[in-house]
Structures are given as structure tokens and as C-alpha cells.
Amino acid sequence: METLSENKSFGGTQGVYRHRSSACQCDMTFGLFMPQEAQDGPVPVLWYLSGLTCTHENAMVKAGAQAWAAEQGIALVFPDTSPRGEDVADDEAYDLGQGAGFYVNATQSPWAPHFQMWDYMVDELPALLADKFALDMDRQSITGHSMGGHGALTMAMNLPGRFRSVSAFAPISNPTASDWGRKQLTAYLGDDEAAWAKHDSSLLMRDKGFDGPILIDTGTNDQFLDLLKPEALAAAVAERRQQAILRLQPGYDHSYFFISTFMEDHVTFHAEALWS
């Protein structure tokens, strides 16, 4: 693992690191904020999964999460959204290929050799973090934005016991029924829609639910609202009678102005679960 940068931040350290990924068969970069409390022993972990076109850097720089994480004494992980490199398959469209991994393990050509983001996120990166940093991996929570909100919700529901809480900002909530989903799931996983179900939070909510608190914020002025389909997830939550806080925030859009506005709420929400 290579240290690309480390900066003092709110009493802790914001680092950026690069390593060779065996899952994705390329170099991967991630950001990690470690609060001051990590000097005295392992601290809880909050994962932040970013959305389409993003790298590890977007939320790390724009979300304003470090201040709230430092206040709560928890670490923040900012993974990248896809494999990258000259030999990694890509597409001219912004919503497929590099920057658009959708947190799945691709089975189709030309994506399969590198786009193994599920394995990277679920197995490889957590193992690396546990080995290299003072993190309490028994205390993990997860959040994300848009495509990353989709990833956070699907990981939380597919991995019972892994995360103590889950939240999302404007998640892609029903990708099997949305143009932000059907295109990518077909490209990465093929035409068999049965293989898509584990990557749709609305379907997972009906099938599995989540044994813990859920918080979801979506802006009423989100320019992608029809693609996100928050109503599908809300219906599934109601049908299952799942514990969840679902909020439509008046006037907010899909941007990091929206995310940074409600970041304190989300970090505090997770801290309550992580320290309980």
C-alpha cells in the first residue's frame, strides 16, 4: 500500500492511499479519515460510497463529513467507484464503465476482468483496512449517494450483521425498473434479470429487510427523481413494516450542496448505532 497524501484535519488525519487490487486487477485508490481517538485504539468505521462519475475524492472534499466524524470519534472510508486504468474497459457514456461500477461483480465481456466491485468492497478493502489501520471492524455502518446509496443499501441488506446502520442520500432505489439500472445491470450481469435482484434495494427490502436503523434523504427538486424512484423503496418499507426514516427535503437537488447540508444528521445517526 502506498501513501499518496496525509493531511491534518479536525484533529485527525485525512489520508489518500493506493494499492494493487487482486479483485479488480488494477491499482485502486481510497480516502480514509482517522479521528484523533485512533491514536489510542481502534475506532468505529463509516463507509461512504460515491455516485456516478465520482472518485474517492468527491465526498472527501465536498461533503464536509470530517468535522462531524471527528466530533463523534469515528473513521470515514471513501472508496473509488470503479476500477481505472488504460487497460480497464470503459464507455463513452458517463453512466457506464469507469466511474460507474455500480458495486456489482461483472460477469459479461468486456467488464468481467476488472469490474469486481462487490468483492472489492465486501472482502478485499475491509481486509486491507483491518490489517493496516486502527479500526474496529466489529462496528461498521454504511452510507452513500445516488449510485453509492444503491450500493450502501444493497450491501447492508445482503450482509446481515455486517453494518449496524445504513443511510443514503438520493439513492437509486429500484434499478431493475429504472434507466439508471437496467442499462448497467444488463451490461455487467447479462439479460437474466434474476441475477439483478440482489442489487435492487426495493426488491431486497421486500425479501430481506435490514435489522437496524435506516435513514434516507432525497431532495424534492432532485433533477433525477424519476430515475431514483424513492416511491418504490418507500412502498417496500411500508409493506415490510421496516424501521426506517424516509425524508423528502423540500427544494434540494442532487448536488453536494444537498449532501453537505444533511451530512451532520447522517453522521450523528450512524454514531448513535456505532457507539451503542
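How many nonpolar, polar and charged residues does the lining of the largest pocket have? By class, the lining comprises 6 nonpolar, 6 polar and no charged residues, where Ala, Val, Leu, Ile, Met, Phe, Trp, Tyr, Cys and Pro count as nonpolar, Asp, Glu, Lys and Arg as charged, and the others, Gly among them, as polar. The model is predicted, and local features therefore need pLDDT of at least 70, side-chain atom pairs count only at pLDDT 80 or more, and totals for chains, interfaces and linings use all residues. Residues are numbered from 1 along each chain as its sequence is written, and side-chain values use heavy atoms, with hydrogens and water left out.

The protein contains 9 helices and 9 strands, helices (H or I, at least four residues) and strands (E, at least two) being DSSP runs numbered from the N terminus. The radius of gyration is 17 Å, which agrees with the value near 19 Å that a compact globule of 276 residues would have; this quantity is taken over C-alpha atoms, and the globule rule is 2.2 Å times the number of residues to the power 0.38. Along the principal axes, the C-alpha atoms fill a box of roughly 50 × 45 × 35 Å. Of the 276 residues, 59% are buried, with buried meaning under 20% relative accessible area, exposed over 50%, and partly exposed in between (1.4 Å probe, protein chains only).

The largest pocket has a volume of about 160 Å³. Pockets and cavities were located on a 1 Å grid over the protein atoms alone: a cavity is a set of points where a 1.4 Å probe fits but cannot get out, whereas a pocket is an open set with protein on both sides within 12 Å along at least five of seven lines, and lining residues have an atom within 4 Å of a point. Grid points are joined across faces, edges and corners, and a volume is the space filled by probe spheres set on the points. The lining is formed by Gly51, Leu52, Thr53, Cys54, Tyr94, His145, Ser146, Trp180, Phe224, His254, Ser255 and Tyr256. Among these residues, Thr53 lies in the loop between strand E4 (43-49) and helix H1 (57-62) and is partly exposed, with a relative accessible area of 48%. The phi angle of Thr53 is near 75 degrees, a positive value in a residue other than glycine.

Further backbone features occur in other loops. Lys229, in the loop between helix H7 (225-228) and helix H8 (230-240), has a phi near 55 degrees, again positive in a residue other than glycine. A cis peptide bond, with omega about 0 degrees, joins Ser109 and Pro110, and Pro110 is placed in the loop between E5 and H3. Most residues other than glycine have a negative phi, and most peptide bonds are trans.

A search of the whole structure finds 10 salt bridges, a salt bridge being a side-chain nitrogen of Lys or Arg within 4 Å of a carboxyl oxygen of Asp or Glu. In one of them, Asp95 pairs with Lys183, the closest N and O atoms being 2.6 Å apart. Because Asp95 lies in the loop between strand E5 (75-79) and helix H3 (117-132) and Lys183 in helix H5 (residues 179-189), the pair ties together parts that are 88 residues apart in sequence. Asp95 is buried at a relative accessible area of 8%, while Lys183 is partly exposed at 36%.

Arg247 forms a salt bridge with Asp217, with the closest N and O atoms 2.6 Å apart. Here Arg247 belongs to strand E9 (residues 245-249) and Asp217 to strand E8 (residues 214-219), so the pair connects parts that are 30 residues apart in sequence. Arg247 is partly exposed, with a relative accessible area of 25%, and Asp217 is buried at 0%. Asp217, Arg247 and Asp265 are linked in a network of salt bridges. In a further pair, Asp80 and Arg84 bring their closest N and O atoms to 2.7 Å; Asp80 is buried at 5% relative accessibility, and Arg84 is partly exposed at 26%.

The structure holds 0 disulfides, a disulfide being a pair of cysteine sulfur atoms within 2.5 Å. For Cys26, the nearest cysteine sulfur, that of Cys24, is 5.3 Å away; Cys26 is buried, with a relative accessible area of 3%. For Cys54, the nearest cysteine sulfur is also that of Cys24, at 17 Å, and Cys54 is buried at 6%.
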